[in-house]
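User: I have a chain open here and would like to talk it through. Can we go from the overall fold down to a few residues?

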Amino acid sequence: MTEPRRSATDERDGLDATVALMAKIGTCHTPSFSPDGARLAFVANLGGIPQVWTVATAGGWPTLVTALDDQVGAVAWSPAGDWLACSVAPGGGMNQQVYLVRPDGTGLRRLTAGGAETNWLGPWTHDGRALGVSSNRDGAGAMAVYLVDVASGAWRPVAAGGGTGRLLDVSRDGRFATVHRVVSRGDSDLFLVDLASGRETRLTPHEGPGTFGGGYFAPDGRAVYLSSNRDRDRTALARVRLDAGGRPGPLDLLVARDDAELQILAVSDDGATAALVWNAAGRGELALCDLATGAQTPASGLPAEVVTGLAFAPDGRRLALTCSGSAAPSDIWVYDRDAGTFTQVTHSPHAGVDLAALVRPELVHFAAHDGLALSGWLYRPRGASGPGPTVLSFHGGPEGQERPLFNATYQALLARGIAV
């Protein structure tokens with residue numbers, strides 16, 4: 001007896017069902033340690049709308065902190081331990097607002113004015129008394145940088161300027177701040193701001209395009225650690241030393257790779273170690289760098305191909321990472337530096353989807369008609385051999401890169417025998 005032939009309607013319904021299951025796979029991201037390192041705050045859509053949750057660093061049942069009607073984008077735990085700061089997008093729109101909430105979910109209050117203005121969540125000061133916020137509250141043409149006093153709600157201007165500005169760090173003594181400002185795509189700068197006078201000093205002078213990030217102060221305030229691609233094709237780890245008056249020296253290259261570029265940088269609270277996530281042909285590689293010597297120690301065994309978030313525990317012994325891959329939805333893992341092990345802390349739901357059955361791509365290289373070397377990620381349906389139906393997917397943006405992140409659309413197509 002032969003099986004009945006599947007109609008086009010059956011095929012469409014099967015694809016629709018696969019896509020629907022894939023679209024319901026959850027995500028967990030933006031980890032932030034409590035001051036004692038015992039818990040992590042994070043954002044997850046475990047209940048449908050992304051909200052703030054907390055979980056024990058060792059893993060376990062997560063606790064819901066916010067239950068808002070609007071989605072949360074990011075969360076940061078105060079160094080004082082008394083508040084969680086989070087960004088909220090009303091209606092999923094661009095006019096984000098910043099809220100404060102106690103770790104037990106009480107005391108929720110909006111720190112920004114609401115309405116049509118746009119606000120971006122920045123870092124806490126090291127004493128936990130103030131929060132960095134970028135806002136267009138004083139003019140729609142630019143995102144200016146402010147420090148907001150948590151107790152009084154008073155806004156203190158840090159840097160106006162033009163373009164889009166973000167606060168990166170404030171020195172432990174409260175004298176200086178580092179600010180990132182984007183002039184145009186592919187052209188940004190880091191500035192040192194004297195918080196008493198408002199005087200700005202450019203830390204990253206360059207000609208032509210340049211991309212910079214990081215901006216972490218050393219504990220004594222005498223150096224700033226940053227990522228830089230000045231005078232080179234690939235972004236690397238650099239340092240700018242500061243004298244007692246805050247005058248910067250030259251930009252010194254500390255650690256670079258010819259086969260990868262620095263994607264994410266984090267510095268431990270004691271200023272001894274930098275965590276570096278390198279982008280090597282689209283895959284992430286984690287290394288720990290001794291900032292005194294520049295020596296790197298690879299942390300092998302990343303649980304997925306791409307790292308999209310990174311945070312040190314206050315004692316510097318652990319790292320929280322947001323990891324995602326072609327067959328792994330976004331989840332939070334903790335790396336124990338002493339043991340050299342990764343522990344999964346969150347478990348994004350994937351009802352009806354067998355993650356082990358999902359397809360991982362291969363990186364293929366080929367030459368264009370003019371001989372230019374190109375590459376791409378090839379996803380083949382399981383059991384496929386030879387030519388077959390294929391979808392070509394192009395990443396967006398001239399400086400963007402296709403990476404093997406979890407993509408529900410790709411996996412749904414592959415499940416129906418279509419390569420990508």
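This is a predicted model: local features need pLDDT of at least 70, side-chain atom pairs count only at pLDDT 80 or more; totals for chains, interfaces and linings use all residues.

User: Noted. How many helices and strands does the chain have?

Analyst: The chain has two helices and 30 strands. Its radius of gyration is 23 Å, close to the 22 Å that the globule rule gives for 420 residues, so the chain is as compact as a globular protein of that length.

User: And what box do the C-alpha atoms fill?

Analyst: Taken along the principal axes, the box is roughly 85 × 55 × 45 Å.

User: What share of the residues is buried?

Analyst: Buried residues make up 46% of the 420 in the chain, while the accessible surface comes to about 20,100 Å², with 52% of that belonging to carbon and sulfur atoms.

User: Switching to charges, how far apart are the mean positions of the positive and negative ones?

Analyst: They are 1 Å apart, for 35 positive and 43 negative charges.

User: OK, now the inside. Which residues have the most contacts within the largest nonpolar core?

Analyst: That core has 19 residues, and those with the most contacts inside it are L286, L310, L319 and L321. The elements giving two or more residues to this core are β21 (261-267), β22 (273-280), β23 (283-290), β25 (306-312), β26 (318-325) and β27 (328-336).

User: What does L286 touch?

Analyst: Leaving out residues up to four places away in sequence, L286 touches L276, V277, P298, A299, L302, L319, L321 and F342. There is also a second, separate core of 16 residues, which includes A218, V255, L265 and C289.

User: What are its neighbours, then?

Analyst: Not counting residues up to four places away in sequence, S87 touches Q71, V72, G73, A74, Q96, Q97 and L121.

User: And G93, is that one buried or partly exposed?

Analyst: G93 is partly exposed, with a relative accessible area of 30%, and this glycine lies in the loop between β6 and β7 (97-101).

User: How far is the C-alpha atom of G93 from that of Q71?

Analyst: The two C-alpha atoms are separated by 9.6 Å, although G93 and Q71 are 22 residues apart along the chain.

Technical notes: Residues are numbered from 1 along each chain as its sequence is written. Side-chain values use heavy atoms; hydrogens and water are left out. Helices (H or I, at least four residues) and strands (E, at least two) are DSSP runs, numbered from the N terminus. The radius of gyration is taken over C-alpha atoms; the globule rule is 2.2 Å times the number of residues to the power 0.38. Buried means under 20% relative accessible area, exposed over 50%, partly exposed in between (1.4 Å probe, protein chains only). Accessible areas come from the Shrake-Rupley method with a 1.4 Å probe; for residues, only the protein chains shown count as cover. Lys and Arg count as positive and Asp and Glu as negative; His and the chain ends are not counted. The place of a charge is taken as NZ of Lys, CZ of Arg, CG of Asp or CD of Glu. A nonpolar core is a set of buried Ala, Val, Leu, Ile, Met, Phe, Trp, Tyr and Cys residues joined through side-chain atoms within 4.5 Å. Contact means heavy atoms within 4.5 Å.
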